[in-house]
Every structure is written in structure tokens, then in C-alpha cells.
Amino acid sequence: MDHVEESEILAATQRYYVERPIFSHPVLQERLHKKDKISESIGDKLKQAFTCTPKKIRNIIYMFLPITKWLPAYRFKEYVLGDIVSGISTGVLQLPQGLAFAMLAAVPPVFGLYSSFYPVIMYCFFGTSRHISIGPFAVISLMIGGVAVRLVPDDIVIPGGVNATNSTEARDALRVKVAMSVTLLTGIIQFCLGVCRFGFVAIYLTEPLVRGFTTAAAVHVFTSMLKYLFGVKTKRYSGIFSVVYSTVAVLQNVKNLNVCSLGVGLMVLRFKEKLPAPIPLEFLCGKSVVMGTGISAGFSLHESYNVDVVGTLPLGLLPPANPDTSLFHLVYVDAIAIAIVGFSVTISMAKTLANKHGYQVDGNQELIALGLCNSTGSLFQTFAISCSLSRSLVQEGTGGKTQLAGCLASLMILLVILATGFLFESLPQAVLSAIVIVNLKGMFMQFSDLPFFWRTSKIELTIWLTTFVSSLFLGLDYGLITAVIIALMTVIYRTQSLNVDQSSIWSNDLYSSALKRKTGVNPAFIMGARRKAMKKYAKEVGNANMANATVVKVDAEVDGEDGTKPEEEEDEIKYPPIVTKSTLPEELQRFMPPGDNVHTIILDFTQVNFMDSVGVKTLAGIVKEYGDVGIYVYLAGCSAQVVSDLTRNQFFENPALLDLLFHSIHDAVLGSQVREALAEQEATAAPPQEDSEPNATPEA
């Protein structure tokens, strides 16, 4: 009799017997051992809140200054080389991006360097992520530029302007003042939201909404860069239909095309395609900047052919200045949109990298950190910043371990500001625009969402399309507001169409965080502990190579440049296979911290009425995340609608996942008991394998 038949017979012999009293509410409360909550007086609450103990003070310091927690634990020999290489690589990429994104923000290029220095230093002290790269970001810069151009258009009449040069300088000074005001208000909003513990606001920006918004933003960025790429002089537009006006203006002036400028830009665009082998992005950008600057300076392209270049980069840091708060009533809508979008991009990338490396980030503290970076940075003439997806991938992928890598990158920018800025004054703007356009590839790839949502959910397709169209033609600020309203209307429609009194909507971060908190089992901590156990074991046995062995692999989805969708491998399984129990060998257990022996988590789905694609992906991530540490996740009480949603979104691409569904919680409990009994029986009967490696994992 084989194992499968034995399993079927054992499962078939189990019977479901129920014998219990009728549970009235008092009896049920007594059985659950729930106690009446004793309300405390206001005086007791205030006394408890203002009571100071060493532990409480230490926790407060750790909360608001995370650097005090990770810096003393810094492993110099293990981390320093990776942080140095990562910092240099990130700095090479941050220089051209800072200059290019300043053009999007409609301010002189040097202010992009300021925005690449001050906020990075601030985030190192107050941020909870050790891997993301803070600084100028294309979408946020474009939103800042939209406000600046709207309040200070190109054709504004500057009182006392003597000539065109003075008029341009005065106009730029006014736009810097607007950018500072928007940045200050954005920082205040983010800081207040963080203090009030509103870090959950980002979950209401659903995936179709964010992806449609960022795709529309990519089109805005692309059209804004066209005039720099082609070297034509056009007016900068903002507001409703600005993308149409910008495109038409460039096409009308294409007859005045600057051939030299276009040639330099196209050379950079095609440079990567001509390479015999792929090279790192930061090397490509660095070489493009050097080549473009050298060609422009060597052939005097600006003087001889009127090629637009970066221009004067004044050396030194500017003294602090007070932003103009009288502009707040004109920019508060834009500031709210920038604050929410900036935080959403930052927390999504921060959580992805944190899960990959086995630590946690605090959404509320991230809001506080961004608020301090923006509000304090605005005093030093910076514009609003966020997490750059491309630089974050470089900072993490090149071996960065802590935010000291970001600090090193910012010091490279400081070197340019203080000493070497004049070397990049001949850099053609076409090169910068080409770098930006190349980096938009990941965001344009999001158009592939359309056939996916067409197959899986017409409602989510509607959210994506309406967000894209409204953001494209109404502008990014009003487009985002319109998109949120439409998304809320679809939630109301789906809830009411179910004709139920109580509806449940799957919430990504809230559910996942609550699950870890209620169960007391955090897979990220377990995986981090296993890595540490393997390193300690390898150090004890003297096998240096074993220290780098993979005990538990965390498959984190990482976005493309400035986008939100990962580029999946062709052979990648979209949803995780069914879990196989996996534990560390006996000789490694003594290195593991003590913990609960949890083998199964049962989710009660009786109150879940429907699931969208985001919910299905969240559930798949939970199943895989716990499965990586040998914990099964069972679903009990799924309705026919939920099963249909799971099937339509390809959750059961691996048919074995159907075994995770049970009719009721009791059925799931019995199923887990049967599984554990069979596993224990099989482990007892299986002969020992002497040649097995310590980190081997049974195949599913």
C-alpha cells in the first residue's frame, strides 16, 4: 500500500462529530474567556502616558530615531565594503537623475543636486528602511513642475526686467519659491499624518489605480522631455490637456530641429542596444554623462550649434531661506496629492526590500521621515522628494546593507556641489532627457495590464483606464482625485451588488499585518533567524562557503524603473505551489531562538464576499511567505464567489492549492491533524540520509 492510498484511507476514516450545548451570548463569552473591559479614568491614562521609565524612553528614541537602533549593531567588516560599492554606484546614477528631474520640476539644475543631498542625510537618521534611495523622483518632480509652471508661466511679465537673461533668472527664482512652498506644505502634511498614525492611507490607492496613474505620469514625463531631446524651444504647459499642448508644440517646432542635440540624445538612447553584453545601469548613465559632456565641451556645441546644456552650476551651498507660506492656499491640493503619491511609492518599495532582507519598516515613521526630509529640505531650497525605484534597486542590488550607502552617495553629490560642478556645465540637456526616457521603460510596460485585467476583472480594468485617462488629460493632481472617487464608487457598486448586509473588502497591508500580529508568527523574522543560525553554524564548523548558503529564499517582487509592476521571469510560477513542511536540521536548531511550534494557520473566509486581483495576490503572497518557513495556510468557509474569484485570477494555477480549501474551520483543523500525523509517521519510517546537506529543502 503506497503513501497516497494510506493517506486517502486515513482521511476517509475520519468522521465529523459535533456535540455541544446551545451557545447563548453569555455562555459563548464565558467559553471564550472574555473579560469585561475596565475603563480607566482620564487621570490614570495621563499618569500612565507621562510616566517615564528607562525602557519607555529607549523605545521612544528607537521609534523616532531608528539610526540609534541599527547603527550600534553595524557589522563593520561584513557591511562596509557593500555599503561603499553601493554608495558609489548609487551616486553615479543620482547625479544625472538629480539634474534631469530638476528640469521636470521647472527649476535650475543645481536645485536637483540640493534635493539629492539634504533629504538623504535626514532620511538616514529618521527612516526605517535600510535599502531605499531617497531623492528626486520623476513623477513627484513632474507634479512640482506642474504647480510651478501654473503659477509662474513662461510668458509672465517680471517687473523691472531689463533683458531676457534677467527676466529668465527672475522667473526661475519665482519658480524656486513656489517649489519651496509646495515642498514645505507637503512635508507638513506627511509629518502630521505620521504623528496621527495615518500610515494606512496608502492602502486605499489600489494597484490598478496606482498603475494607471504612474503610466499616465510616464506619458507626461515623456512629452515634457521631448523638447529637450529634440532641442526645440516651446512653451511649457500645465493643467488640463497640457500633455496634448506640449506634444503639438513640439511637433510644430520640429522644423527648427537642432540636429546636434538630437544626435547626442539618440546616441545615448541607442547606446545600450549596441552593447555586446548587458552592463549595470549606473555604469551606462555614468558613461553617457561623461561622453555627452566630453563631446559637447570638445566641439563647443553650445556656442557653435546652440545646443542647450545644463548651464551654470554655482559652487557652494545656499544659506537657509524661509519658504513663502502665503502661497499655501494656492497649492494645498497639489501638496496633498504629492504627499500621498510620494509616501505610497516609498512604502511599497521599502516593504518589498524589507521582506527580502528579513526586517520590518514602520509606515507611520516613514511618513514622519518623509515629512522631515521635505519640510526641513525646503529651508535649503530643495523640492519634494520620494523613493526612486531605479536607484533603490541599484543601492540594494550592489550590496548595500544600510543607509550609510545612501549617505555616501549624497557625499558624492556634495563633492559636485562644492568643487566639481563646473565639469558638468557643458552636459547637453538632450543627454539628461535621454536618460529619463530610457528609464521610463518599466512604466510604459504597464500597458500590458490591459489584457490581464480584461480577462480577470472588468471593474479593475475600468479603474485602470479611468485613472489613466483622467490623469493624462486633467493633470496629475486632479486626475488622482478623480481616480480615487471612481475607485470608491466601484467599491460601493461591488458591495451593493452582492446584496448582503455585511461586506468585507480584502485589504492588503492591514490584513497581512494583522495576521502576523494575531498569530505571533512573522515569516520575515523566522527567515532572518534561519540565516543567522546558518551563519553561526558555518562559523562554528569552519565552512566559510556555507555562510552564504541559502536557507530560506524570499522571493520579493521588485519593480522596474519608476513603475510598480515586477518584470516576471518566463519560467516563474505566478502563484506559489503547495507547501511542504521544511525545518532546519537538528544540529542547527540550537542556534535558533525559542519560539512557538506553529505548523498551520487557518483563515476564516466566511465573511469574505469577493476578492479582486490585489486580494488574490496578497493571499498568494501570504501562502508563499508562510510556506517558505514550513507553515501551511488553510482557507475555511470560502463562498462560491470567492472560489470563482480565486480561479479567475489563476490562484489555482497549481492544482495542489485546491487542497488548502476546507468547508469549515473544524474540517481544516481535522485536515491539519491528519497531515501532521502522516508527516510524523513518514518521518519515523524514513531511513536517515547521511549525504543530505544542512540547508536542503524537500521538493514539493
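The structure is a predicted model, in which local features need pLDDT of at least 70 and side-chain atom pairs count only at pLDDT 80 or more, while totals for chains, interfaces and linings use all residues. Residues are numbered from 1 along each chain as its sequence is written, and side-chain values use heavy atoms, with hydrogens and water left out. Helices (H or I, at least four residues) and strands (E, at least two) are DSSP runs numbered from the N terminus.

Two packed helices are described by the angle between their axes and the distance between the axes. For helix H11 (residues 207-230) and helix H23 (residues 458-474), the axes come within 8 Å and cross at roughly 30°. Here axes are lines fitted to C-alpha atoms, for helices over the stretch in contact, and angles run from 0 to 180 degrees between N-to-C directions. H11 and H23 are therefore roughly parallel to each other (angles under 35 degrees count as such). On the H11 side, the residues that meet H23 include Phe 213, Ala 216 and Val 219; among their counterparts in H23 are Ile 463, Trp 464 and Phe 468. Contact means heavy atoms within 4.5 Å. By class, the contact of H11 with H23 has nine nonpolar, five polar and two charged residues. In this count Ala, Val, Leu, Ile, Met, Phe, Trp, Tyr, Cys and Pro are nonpolar, Asp, Glu, Lys and Arg are charged, and the others, Gly among them, are polar.

Turning to the strands, an open sheet of three has the order S3-S4-S5, with parallel pairing (two strands pair if DSSP finds at least two bridges between them). S3 and strand S5 (661-662) stand at the edges with a single partner strand each, so one side of each lacks a neighbour in the sheet. Helix H28 (residues 613-627) packs on the sheet and touches S3 and S4, its direction making about 140° with that of S4. Five bridges join strand S3 (residues 600-604) to S4, and Ile 602 has Tyr 634 as its bridge partner in S4.

How many residues of strand S4 (residues 632-636) are buried? Five of the five are, so S4 is largely enclosed by the rest of the structure. Buried means under 20% relative accessible area, exposed over 50%, and partly exposed in between (1.4 Å probe, protein chains only). In a regular strand the side chains alternate between the two faces of the sheet. In S4, Tyr 632, Tyr 634 and Ala 636 lie on one side and Val 633 and Leu 635 on the other.

Finally, Val 333 lies in helix H16 (residues 328-357) and, at 22% relative accessibility, counts as partly exposed.

Note on methods: Parallel < 35°, antiparallel > 145°, perpendicular 65-115°, else oblique.
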